[in-house]
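Please look over the sequence and the structure shown below before reading on.

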Amino acid sequence: MALEHLFQGSALNAVDAKGRVSVPAFLRSVIERRGDARTIVLAKHDAFPCLSAYDPAYAALKHEKIERLLEKQETDPAAELEHARRTMMAFGATEEVPYDSSGRIIVPPMMRRKGQLDDLALFVGVGETFQIWNPKLFLADKNVPEDMKDIARFRLEERGQ
């Protein structure tokens, strides 16, 4: 399965005290082109201190990738346990959240904690998925490319931060 539509771009939006945040229209349009669901799946990112987000249809592709990885590692005795851990995190540690007509979601408290989200959310398209960051963590992360940090700084300046 190949994806025709990819997530790209970035935006910075406010998160209110109840966890409501508007998902940028350019991200919602990709979700809607990929399928009928007006829903976003949220998960803790594997490597970064942020949330990974995608449309429900992407879950099938994610499952295929995990299965292919197991096939490549089947001679490794620890592969089955690692596969079980990977699938548990990929599908058990997620939450589906609908968005309303204006594109707002409510980030559940557990996901807010996992993503360490406060009053701002930095949305970053990364192809098959997009990420939701606390911009302070994004700027502090040594693994984030400096050019991306410049974009985040610009987004913060736009908001007077």
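The buried residues of helix α6 pack against β1 (10-14), β7 (120-125) and α5 (135-140), where contact means heavy atoms within 4.5 Å and buried means under 20% relative accessible area, with exposed being over 50% and partly exposed in between (1.4 Å probe, protein chains only). The helices (H or I, at least four residues) and strands (E, at least two) named here are DSSP runs, numbered from the N terminus. This is a predicted model, in which local features need pLDDT of at least 70 and side-chain atom pairs count only at pLDDT 80 or more, while totals for chains, interfaces and linings use all residues. Residues are numbered from 1 along each chain as its sequence is written, and side-chain values use heavy atoms, with hydrogens and water left out.

The buried residues in α6 are Lys149, Ala152 and Leu156. They cover an arc of only 55° around the axis, so they sit on the same side of α6; the arc is that of the directions from the helix axis to the C-beta atoms. An α-helix has 3.6 residues a turn, so residues three or four places apart point the same way. On the face of α6 turned away from the buried side are the exposed residues Asp147, Glu157 and Glu158. Just after α6, Gly160 takes a positive phi of about 75°.

Strand β7, one of the elements against which α6 packs, has six of its six residues buried. Leu120, Leu122 and Val124 lie on one side and Ala121, Phe123 and Gly125 on the other, so that both faces are covered. Two strands pair if DSSP finds at least two bridges between them, and β7 pairs with β1 in the antiparallel sense over five bridges, with Ala14 standing opposite Leu120. Four bridges also join β7 to β8, again running antiparallel, and here Val124 has Gln131 as its bridge partner. The hairpin of β7 and β8 has four residues between the strands, and in this hairpin Gly127 takes a positive phi near 95°.

Rings of Phe, Tyr and Trp (its six-membered ring) pair if their centres lie within 6.5 Å, and planes under 30 degrees apart count as stacked, over 60 as edge-to-face and the rest as tilted. By this rule there are five aromatic pairs. The rings of Phe48 and Trp133 have their centres 5.4 Å apart and their planes at 55°, so this pair is tilted. Because Phe48 lies in the loop between β3 (39-44) and β4 (51-54) and Trp133 in strand β8 (residues 130-133), the pair ties together parts that are 85 residues apart in sequence. Trp133 is buried, with a relative accessible area of 0%.
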